[in-house]
Amino acid sequence: MIPARRVLLVTGLSGAGKSSILRILEDLGYEVTDNPPLNLLDALVARTEHPLAIGIDARTRGFEARAVLEALAKLRAQPGPQHVELIYATAETDVLLRRFTATRRRHPLDANTGSGPGLMASIEQEIDLLMPLRSAADLVIDTSDLPPPDLRRLIESRFGHQNDGDSMTTTLLSFAYPAGLPREADLVFDARFLRNPHYDDALKAMTGLEQGVREYVRRDPDYDLFFSQILGLLKLVLPRFVAEGKKHATIAIGCSGGQHRSVTLVEEIAAALGNSDDITLLSDGPIAVMHRELARQGRSSWRWVRPPQHRVTSDEQTRTEPS
């Protein structure tokens, strides 16, 4: 069976990281075209058999979200082994304001000076203009607190290996419920019922990466049953994901702060999967770990538990903020 070629449409808010995502995809071997006329998308897809990434944003003349969605549906209806996805880059409004102020760039929709009220109005206008695309996106990436190296790792983990046949990349993700559900999650587990190290003064400042916190959480009387049932569900569901052709699955575990209980469970599940003889439940695909709230605190929190066999080595030097 011929693996499906990936065709990625990359869109999102100006200043949220679309250009950075396209650069990473180009490093990973994708042919990249930025902001072509929508009526040329069919021709762009037809002229190459390589993985393709196409940037689309509000700079396109006569841009309408409806026209982009129609073009996306048309590409997905084409015959042949290809997998078409829509990626949407976003960031908080205050972050976008800071980025435009720092770079002194004019917003594409700003007809005034590019700063002050004109800039704010342009950002709000673009949010409304692109909302249908955000709602339809296969993956929404919020770069507000995402360091450039972690953005690169995120793109690599999801789109960085084209030759792994039927394998699927699985990401184990911890998060905090008050900060919002991760849009990319395929399965979400709630760990807030477990005993909380936050209320232990000796453990409050620590994280689930540290043994003392993990031992505290594991002593909850319902921890073992919860842990075993998560693993049991993964054994049932993940092979079905592979069978239906999914190339990436995100398993998210949340708690109140995204620091103790969710981190503990992600680390314990990663250890179980990485050391298990029953590793075929993931079709021997790559496994990655990411702790969202720890990353937002500036901590290094991303790693491969099992790296892809055909991954392109990345240059992880710190770059400027996403543009």
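This is a predicted model: local features need pLDDT of at least 70, side-chain atom pairs count only at pLDDT 80 or more; totals for chains, interfaces and linings use all residues.
A nonpolar core is a set of buried residues of the kinds Ala, Val, Leu, Ile, Met, Phe, Trp, Tyr and Cys, joined through side-chain atoms within 4.5 Å.

**Nonpolar cores**

The largest nonpolar core contains 56 residues. Those with the most contacts inside this core are L9, L25, L41, I141 and I155. Setting aside neighbours within four places in sequence, I141 touches residues that include I21, I87, Y88, A89 and T90. Further contacts of I141 are made with L146, L151, L154 and I155.

**Aromatic rings**

A pair of aromatic rings is described by the distance of the centres and the angle of the planes. A search of the whole structure gives 3 aromatic pairs. Two of these pairs are set out below.

| Pair | Centre to centre | Angle between planes | Arrangement |
|---|---|---|---|
| F175 and Y177 | 4.9 Å | 55° | tilted |
| Y223 and F227 | 5.9 Å | 15° | stacked |

The pair of Y223 and F227 counts as stacked because its planes stand at 15°, and planes under 30 degrees apart are classed in that way. Both residues belong to helix α8, which spans residues 223-243. They are 4 residues apart, about one turn of the helix, and both are buried.

**Enclosed space**

Rolling a probe the size of a water molecule over the atoms shows where empty space is left. How many cavities of 30 Å³ or more does a search of the whole structure find? The search finds 1. The largest cavity holds about 50 Å³ of space.

Its lining includes L139, L154, S157, R158 and T171. L173, E184, H248, T250 and M290 also line the largest cavity. Helix α6 (148-159) and strands β6 (169-176) and β8 (248-255) each supply at least two residues of this lining. The most is given by α6, with 3 residues. One of the lining residues, L154, is also in contact with I141.

Key
Residues are numbered from 1 along each chain as its sequence is written. Side-chain values use heavy atoms; hydrogens and water are left out. Rings of Phe, Tyr and Trp (its six-membered ring) pair if their centres lie within 6.5 Å; planes under 30 degrees apart count as stacked, over 60 as edge-to-face and the rest as tilted. Buried means under 20% relative accessible area, exposed over 50%, partly exposed in between (1.4 Å probe, protein chains only). Contact means heavy atoms within 4.5 Å. On a 1 Å grid over the protein atoms alone, a cavity is a set of points where a 1.4 Å probe fits but cannot get out, and a pocket is an open set with protein on both sides within 12 Å along at least five of seven lines; lining residues have an atom within 4 Å of a point. Grid points are joined across faces, edges and corners, and a volume is the space filled by probe spheres set on the points.
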